[in-house]
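This briefing sets out selected features of one protein chain, grouped by topic. Please read it alongside the sequence and the structure shown below.

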Amino acid sequence: MKRIAVCLVLIGVMASPRLFAQASDIPSAAPSRPAGLTQEQLGRKLLDEMVEALGGQAWLDRKDMQVWGRTAAFFQGQPNLNVVEFTGWRQFPDATQTGAERIGFLTDKSMILPGKKIDVVQIWTADNGYEVTYKGRTTLPKEQVEDYLRRRNHSIESVVQNWLKAPGVMVIAEGTDMVNRRMVDKVTVLSANNDAVTIDLDSTTHLPMRRKFEWRNETFKDHDEDVEEYSDYHTIQGLPTAFTMTRYHDGEIANQRFLTKVQYNQGLSPDLFNPDSLLKKK
């Protein structure tokens, strides 16, 4: 019995260095940190690389954008089988103009006449949302407006243009992850009031693959999660643009958008984003 116990001890002693060697071979999830950089400096470096990948100064200086595409909504993770064509116009905020967006939903003109028409548009101003028809305008429901403004305030554009310039902000490089089978670098930006946005960047191209944030749901007294995933990048006028965007709410798919055409910097009129301008009846 004593000989058996001694043998077991010897086997354990001989096996231990191998076990330790195997553990040390497991790659770390932490991003490779260039010498001398803190986690915050590395996080800011990754975000700088993201801006450069998106087009650098030309991306920062975008004035407006028009898109054409299709959108589909989901309920409890299931599609509602209603795919809608749309045209969207967007005005980026800068020193001369406020941010605004207009979305027109296309329908068939009639059973006889060919072509499409826009009977209803949604206009999003700096602080509100409206639905406009040839009959007039109505203010969109409060919950819908709050959801839109919350997502805009946590967008990648807002993080770069506003969050990173605010006092007390922290940037943390959080290691690596997988998004749609691609390796990404995770960066979290934390504001002075403990609001946070996490952006996952393709480790090879540095383009954003996913944006995630949480917010407190005052109705249910818990936290909800909003996630957007970006894919199918095409370079338009020198600016890589995601033609597919999938949005998730609390882990369930909520909306998908597929673009077919994009144009930047057309000099869109501010009147396009005026909710008091009625649609013309056709």
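Which element supplies the largest share of the lining of the second largest pocket? The largest share of that lining comes from α4, which gives four residues. The model discussed here is predicted. The protein chain holds five helices and 13 strands, and buried residues make up 39% of its 282 residues. Among contacts between residues at least 6 apart in sequence, 44% join residues at least 24 apart.

**The second largest pocket**

- The second largest pocket contains about 420 Å³ of space.
- It is lined by 22 residues, of which Pro93, Gly99, Arg152, Glu157 and Asn162 are the closest to the centre of the pocket.
- At least two lining residues come from each of α3 (57–60), β2, β3, α4 (142–153) and α5 (156–161).

**Glutamine 97 in the loop between β2 and β3**

- Glutamine 97 is located in the loop between β2 (78–91) and β3 (100–108).
- Its side chain reaches two backbone oxygens: that of lysine 63 at 3.0 Å, and that of phenylalanine 92 at 2.7 Å.
- When neighbours within four places in sequence are left aside, the residues in contact with glutamine 97 are Lys63, Gln91 and Phe92.

**Strand β12 and its partners**

- Strand β12 (residues 239–249) is mostly covered, with nine of its 11 residues buried.
- β11 and β12 run antiparallel and are joined by 10 bridges.
- Within this pairing, isoleucine 236 stands opposite leucine 239 of β12.
- The hairpin of β11 and β12 has two residues between the strands, and glutamine 237 takes a positive phi near 50° there.
- β12 also runs antiparallel to strand β13 (residues 252–264), to which it is joined by six bridges.
- Threonine 244 has phenylalanine 258 in β13 as its bridge partner.
- The hairpin of β12 and β13 likewise has two residues between the strands, and in this hairpin aspartate 250 takes a positive phi near 50°.

**Positive phi in two further loops**

- As background, most residues other than glycine have a negative phi.
- Arginine 181 is not a glycine, yet its phi is positive, at about 65°.
- Arginine 181 is placed in the loop between β7 (170–179) and β8 (182–190).
- Is arginine 181 buried or exposed? Its relative accessible area is 80%, and exposed means over 50%, so arginine 181 counts as exposed.
- Lysine 221, also a residue other than glycine, has a positive phi near 55°.
- The loop that holds lysine 221 lies between β10 (208–217) and β11 (222–236).
- Lysine 221 is exposed because its relative accessible area, 55%, is over the 50% cut-off.

How values were computed
Residues are numbered from 1 along each chain as its sequence is written. This is a predicted model: local features need pLDDT of at least 70, side-chain atom pairs count only at pLDDT 80 or more; totals for chains, interfaces and linings use all residues. Side-chain values use heavy atoms; hydrogens and water are left out. A polar contact is a pair of N or O atoms within 3.5 Å; within protein, one must be able to donate a hydrogen and the other to accept it, and residues adjacent in sequence count only if both atoms are side-chain atoms. Contact means heavy atoms within 4.5 Å. Buried means under 20% relative accessible area, exposed over 50%, partly exposed in between (1.4 Å probe, protein chains only). On a 1 Å grid over the protein atoms alone, a cavity is a set of points where a 1.4 Å probe fits but cannot get out, and a pocket is an open set with protein on both sides within 12 Å along at least five of seven lines; lining residues have an atom within 4 Å of a point. Grid points are joined across faces, edges and corners, and a volume is the space filled by probe spheres set on the points. Two strands pair if DSSP finds at least two bridges between them.
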